[in-house]
Amino acid sequence: MSRLIVISNRVSRPNKSGNQGGLAVALAQALRESRGIWVGWSGEVTENFTGHIGFSEDEGVKTATIDLEEQDVDEYYNGYANKTLWPLFHFRIDLAEYARDFEGGYNRVNQRFADTTSPLIEPEDIIWVQDYHMIPLGQMLRDKGHKNRMGFFLHIPWPPTRLLVSLPHHTKLVQTLFAYDVIGFHTEEWLESFRHYVEREMNGTVNGDFVTLGDRTIQAIACPIGINAQEYASAAVSEPARRMFEKVRRSLQDRSMIVGVDRLDYSKGLEERFNGYARFLKDHPEQHRKVVLTQIAPPSRGEVESYQQIRATLDAIAGRINGEYSDVDWTPIRYVNQGYPRDKLSGIYRAARIGLVTPLRDGMNLVAKEYVAAQDPEDPGVLILSRFAGAATQLKDALLINPYSPEEMSDAITRALAMPLDERKRRWRSMMNCVEEQDISWWRRCFTERLMAARNGDSKDAAQVETAH
């Protein structure tokens with residue numbers, strides 16, 4: 001097969017602990033098979049950018065990383081990526097900050113990635129760019145003369161046209177996507193939003209999977225990411241998971257646990273989750289002392305003010321709820337600001353009667369799938385899932401809710417706690433089938449096979465694209 005070059009903001013080197021994320025595992029497997037390279041930022045800051053590439057190889061995966069200047073990190077990463085694009089693409093234009101310095105830094109860093117990656121690229125290589133940090137990179141590589149097959153995958157939502165037009169130079173940014181041969185989204189909703197923008201704002205045309213702008217036709221597809229379901233299910237019965245399961249169950253003292261696991265981010269609906277749980281406690285005094293909400297929320301992006309604010313807000317809400325409802329031997333919310341490795345986390349998932357996944361907007365949300373995969377088939381828990389998560393299009397047997405409604409969340413918790421075993425098993429089995437069938441390897445094949453065929457004549461679709469070119 002052709003060599004694969006993956007380019008993303010950060011790289012994830014394989015490690016013996018096995019605690020990498022699902023995306024890293026899938027990409028690492030593809031890179032091993034193709035003798036490929038994973039290119040990204042090292043996470044380190046240098047006083048002056050030199051373009052020096054740090055090469056490494058871990059467990060058969062080659063990585064190439066560059067250091068960025070502090071100004072690059074402030075403008076490209078903390079700025080345009082996480083203060084502009086992230087809130088806008090999650091429908092929070094009230095939090096989006098538009099600054100020329102941010103946009104300039106974003107384009108400068110993408111150009112630096114193009115300049116440093118370019119000498120590594122051979123004519124037959126396939127290039128796969130990941131996520132919103134790198135939207136214009138493909139066009140910059142084309143400008144340097146590379147004619148390789150190139151794909152781009154967006155791991156976050158694509159916003160409606162009426163919101164995207166609030167971004168300065170939005171058309172210029174979207175136009176750079178037409179440098180790729182295939183672009184992917186998690187859901188049909190995000191794909192449809194992209195098509196709508198191209199038709200309405202750019203006078204492009206859509207014909208099935210093919211989107212044309214001027215003389216350039218690309219494929220735009222929905223291809224939902226998954227997890228390594230079997231590996232996660234195995235982790236849930238490992239010795240570390242068993243020990244964590246028993247530790248949690250002992251601490252609960254026969255109470256039912258509701259679990260939430262999220263990065264500390266305003267898109268995850270944590271404030272709404274706490275308020276919905278408070279409504280449940282208010283509506284059901286008979287459930288006091290019988291249930292505990294454990295919220296695991298490791299902090300992220302602490303340099304961004306909106307993230308500092310969400311942490312302060314959640315601290316206050318959790319304190320208020322615990323102050324109002326706690327007893328000397330019962331605290332209704334356990335709020336934990338740290339992360340856990342996968343094997344221990346799977347034990348926590350298995351100990352929970354309810355998985356509460358309530359993002360206000362999410363490209364996919366793999367926590368929902370992890371919770372399903374970690375359950376005991378003979379006594380599974382119940383997944384309560386926001387209908388605004390991409391995962392809701394696949395996990396239809398979850399209890400789907402509107403996270404903005406405290407009453408709806410309260411009702412779902414009540415229903416989940418009372419759900420009989422046969423219904424829990426039926427719902428779990430249906431969701432687990434989906435998680436197993438459309439796993440992380442399926443996602444990778446779904447995208448890379450389409451990209452492989454895009455310009456080599458292996459399919460009718462590929463021939464149509466070639467003709468369009």
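1. In this predicted model, the mean pLDDT of the chain is 93, with 94% of its residues at 70 or more. The exception to note is the stretch 456–469, where the pLDDT is below 50, although the model gives this stretch 19 contacts beyond near neighbours in sequence. Where pLDDT is low, the predicted coordinates should not be read in detail.

2. Helix 10 (residues 270–283) and helix 11 (residues 305–325) have axes that come within 10 Å and cross at roughly 10 degrees, which means that helix 10 is roughly parallel to helix 11.

3. Of the 32 salt bridges in the structure, one pairs E33 with R444, with the closest N and O atoms 3.7 Å apart. This pair links helix 1 (residues 22–34) to helix 16 (residues 440–453), across 411 residues. E33 is partly exposed at 44% relative accessibility, whereas R444 is buried at 8%.

4. D209 forms a salt bridge with R450, the closest N and O atoms being 3.0 Å apart. Because D209 lies in the loop between strand 8 and strand 9 and R450 in helix 16, the pair ties together parts 241 residues apart in sequence. Both D209, at 26%, and R450, at 24%, count as partly exposed.

5. A network of salt bridges with shared partners joins E69, D72, E75, R108 and R112. Within it, R112 and E69 have their closest N and O atoms 3.8 Å apart, and both residues are buried.

Note on methods. Residues are numbered from 1 along each chain as its sequence is written. This is a predicted model: local features need pLDDT of at least 70, side-chain atom pairs count only at pLDDT 80 or more; totals for chains, interfaces and linings use all residues. Side-chain values use heavy atoms; hydrogens and water are left out. Axes are lines fitted to C-alpha atoms, for helices over the stretch in contact, and angles run from 0 to 180 degrees between N-to-C directions. Helices (H or I, at least four residues) and strands (E, at least two) are DSSP runs, numbered from the N terminus. Angles under 35 degrees count as roughly parallel, over 145 as roughly antiparallel, 65 to 115 as roughly perpendicular and the rest as oblique. pLDDT is the predictor's confidence in each residue, from 0 to 100. Contact means heavy atoms within 4.5 Å. A salt bridge is a side-chain nitrogen of Lys or Arg within 4 Å of a carboxyl oxygen of Asp or Glu. Buried means under 20% relative accessible area, exposed over 50%, partly exposed in between (1.4 Å probe, protein chains only).
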